[in-house]
Amino acid sequence: MNERIQELMKQAMEPSGLESLGGPYMELNPEKFAELIVQECIHTVESHGGMGGAVAGDKIRKQFGVK
């Protein structure tokens with residue numbers, strides 16, 4: 001798996017509410033993971049797409065409801 005995707009997965013991990021001796025168990029928040037992927041796509045489009053990238057970034061934001 002791509003290193004960047006693994007980094008985004010780590011960022012989307014949240015405590016599950018269960019604990020062990022080492023601390024809380026962590027689980028992936030799928031909504032947060034999806035939002036991070038969409039934000040990454042917006043950033044890529046906007047930084048490499050010139051004026052058209054800004055328009056595409058706005059359309060992606062509206063489509064997925066991401067700020």
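## One turn of helix α3

Because arginine 61 and aspartate 58 are three residues apart in helix α3, about one helical turn separates them; helices here are DSSP runs of H or I with at least four residues, strands are runs of E with at least two, and both are numbered from the N terminus. The side chains of arginine 61 and aspartate 58 meet in a salt bridge, with 3.2 Å from N to O, where a salt bridge means a side-chain nitrogen of Lys or Arg within 4 Å of a carboxyl oxygen of Asp or Glu. Aspartate 58 has a relative accessible area of 41% and is therefore partly exposed, a class that lies between buried (under 20% relative accessible area) and exposed (over 50%), using a 1.4 Å probe and protein chains only. Arginine 61 also counts as partly exposed, at 23% relative accessibility.

## How the model is to be read

This is a predicted model, in which local features need pLDDT of at least 70 and side-chain atom pairs count only at pLDDT 80 or more, while totals for chains, interfaces and linings use all residues. Residues are numbered from 1 along each chain as its sequence is written, and side-chain values use heavy atoms, with hydrogens and water left out.

## From helix α3 to helix α2

Arginine 61 also forms a salt bridge with the side chain of glutamate 46, at 2.8 Å from N to O. This pair links distant parts of the chain, since arginine 61 belongs to helix α3 (residues 50-64) and glutamate 46 to helix α2 (residues 30-48), 15 residues apart. Glutamate 46 is partly exposed, its relative accessible area being 31%.

Leaving aside residues up to four places away in sequence, glycine 57 touches Ile42, Val45 and Glu46, where contact means heavy atoms within 4.5 Å. The C-alpha atoms of glycine 57 and cysteine 41 are separated by 8.2 Å, although these residues are 16 residues apart along the chain.

## Charges in helix α1 and beyond

Within helix α1 (residues 3-11), glutamate 7 and arginine 4 lie three residues apart, about one turn of the helix, and they form a salt bridge whose closest N and O atoms are 2.8 Å apart. Glutamate 7 counts as partly exposed at 36% relative accessibility, and arginine 4 counts as partly exposed at 31%. A network of salt bridges links Arg4, Glu7 and Glu40.

The structure holds four salt bridges. The protein has 7 positive and 10 negative side chains, with the centres of the two sets 8 Å apart; Lys and Arg count as positive and Asp and Glu as negative, without His or the chain ends, and each charge is placed at NZ of Lys, CZ of Arg, CG of Asp or CD of Glu.

## The whole chain

The protein has three helices and two strands, which follow the pattern α-β-β-α-α when read along the sequence. Its radius of gyration is 15 Å, well over the 11 Å that the globule rule gives for 67 residues, so the protein is more spread out than a compact globule; this radius is taken over C-alpha atoms, and the rule is 2.2 Å times the number of residues to the power 0.38. Along its principal axes, the C-alpha trace spans about 50 × 25 × 15 Å. Of the 67 residues in the protein, 16% are buried.
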